[in-house]
Structure formats: structure tokens, C-alpha cells
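Here's a quick briefing to keep beside the viewer. Have a look at the sequence and the fold, then go through the notes below.

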Amino acid sequence: MYLFAYGSNMHTAHVHRWAMGQGYSSSRWNEVVGNAMGPAFLPDFALAWEDIREQGAGVRSELGGVVHGILIHLPSRKTLTVYDHKEGFPEHYTRTQELVHPMGAVFPSGLEDRRVEGQPVQAWVYQLQNEW
């Protein structure tokens with residue numbers, strides 16, 4: 001399972017600190033934040049600044065647009081729930097599966113079986129709710 005991260009979610013140390021402050025705990029870093037696989041892009045989307053919360057923006061569908069971020073391998077649904085909580089899903093953001101394109105991804109040791117070799121992969125993407 002993959003997550004396309006953009007904005008502050010690309011900073012996995014920030015996500016980890018946030019998660020620890022929210023009471024998530026684990027002896028293994030990747031169980032909380034996943035494994036950053038490398039840079040990626042999301043075609044036909046654009047950054048959107050309609051989010052009135054302090055934490056920033058989101059993405060929305062836009063033909064011809066592109067959003068750059070990173071691809072994160074999520075080892076379990078539990079890891080996805082950390083990001084759901086951080087993003088305010090489903091109250092503030094929706095989460096959909098979209099085709100994401102890796103760009104020269106670097107794979108941590110032990111994940112060789114998860115190589116994507118530049119081929120598009122399905123990844124979870126958080127999008128702004130329409131009312132924002």
C-alpha cells in the first residue's frame with residue numbers, strides 16, 4: 001500500500017513527532033510513518049489553497065496540472081490511520097486512490113520486492129473537501 005505525500009507530509013520526521021504527540025507509539029519508525037520511497041508526481045492535479053486551516057493546502061483535480069511529492073510505502077492499515085488522523089479524514093479531506101508516477105525512487109534495504117521501477121502505482125491521495 002502506498003501514499004502520495006505532498007506538503008508537510010513529505011517531512012517524515014515532522015509526521016513522526018506529530019504522531020508521538022498524539023499518543024501513537026511504536027518501537028519501529030516505519031510502523032508510524034512508513035518508508036519514504038523517493039520523489040514522485042501526481043498528474044492532472046494541482047495544489048489548492050482553499051483550506052482555511054493554518055496547516056496549509058491540499059490538491060484538487062486539474063487537467064494538465066502536476067503535483068510533486070514523495071511516494072511512501074505504508075506497511076499496514078494502522079500506518080494509514082496515522083495520516084488519516086493528521087489530515088482530518090474524512091471531515092476535512094477525502095482520500096482516493098490515484099495513479100502516481102515514481103521518479104528515480106530510492107528503495108530502503110529490505111524493500112527490494114516492492115520496486116516500482118518508474119511504473120505508475122496506485123497510491124492514496126488526500127484531497128480537499130469541496131466545501132473548503
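This is a predicted model, and the mean pLDDT of the protein is 83, with 80% of its residues at 70 or more.

**Overall layout**

- The protein has three helices and five strands, and from the N terminus on they come in the order β-α-α-β-β-α-β-β.
- Of its 132 residues, 44% count as buried.
- Take the contacts between residues at least 6 apart in sequence: 74% of them join residues at least 24 apart.

**The nonpolar core**

- The largest nonpolar core has 32 residues, and the ones touching the most other members are F4, L71, Y83 and V100.
- Eight elements are listed as giving two or more residues to this core: strand 1 (2–5), helix 1, helix 2, strand 2 (35–48), strand 3 (58–73), helix 3, strand 4 (93–102) and strand 5 (121–128).
- Strand 5 is the top contributor, with six residues.
- As background, nonpolar side chains in soluble globular proteins tend to be buried together.

**The cavity**

- Searching the whole structure turns up one cavity of 30 Å³ or more, and the volume of the largest cavity is about 50 Å³.
- Which residues line the largest cavity? They are Y24, S25, S26, E31, V32, K78 and V82.
- Sorted by class, that lining has three nonpolar, two polar and two charged residues.
- Helix 2 (29–33) and helix 3 (77–87) each supply at least two residues of the lining.

**Helix 1 and H16**

- Is H16 buried or exposed? H16 sits in helix 1 (residues 12–21), and its relative accessible area is 15%, so H16 counts as buried, the cut-off being under 20%.
- H16 and V33 are 17 residues apart in sequence, but their C-alpha atoms are 6.1 Å apart in space.

**Helix 3 and what follows**

- The buried residues in helix 3 include T79, L80, V82, Y83, D84, K86 and E87. Two of those names come up elsewhere: V82 is among the residues lining the largest cavity, and Y83 is among the core residues that touch the most other members.
- Just after helix 3, G88 has a positive phi of about 75°.
- What kind of peptide bond joins F89 and P90? That bond is cis, with omega about 10°, and P90 lies in the loop between helix 3 and strand 4.

**D44, a backbone spot to check**

- D44 is in strand 2, and its phi is near 60°, a positive value in a residue other than glycine.
- Relative accessibility of D44 is 34%, so D44 counts as partly exposed, falling between the 20% and 50% cut-offs.

Note on methods:
Residues numbered from 1 in each chain as written. Heavy atoms only, no water. 1 Å grid on protein atoms, 1.4 Å probe; cavity = no way out; pocket = protein on both sides within 12 Å on 5 of 7 lines; lining within 4 Å. Points joined across faces, edges and corners; volume = space filled by probe spheres on them. Helix = DSSP H or I, 4+ residues; strand = E, 2+ residues; numbered from the N terminus. Nonpolar A, V, L, I, M, F, W, Y, C, P; charged D, E, K, R; others polar. Buried < 20%, exposed > 50% of the residue type's maximum accessible area, 1.4 Å probe, protein only. Core = buried A, V, L, I, M, F, W, Y, C linked by side-chain atoms within 4.5 Å. pLDDT = per-residue confidence, 0-100. Contact = heavy atoms within 4.5 Å.
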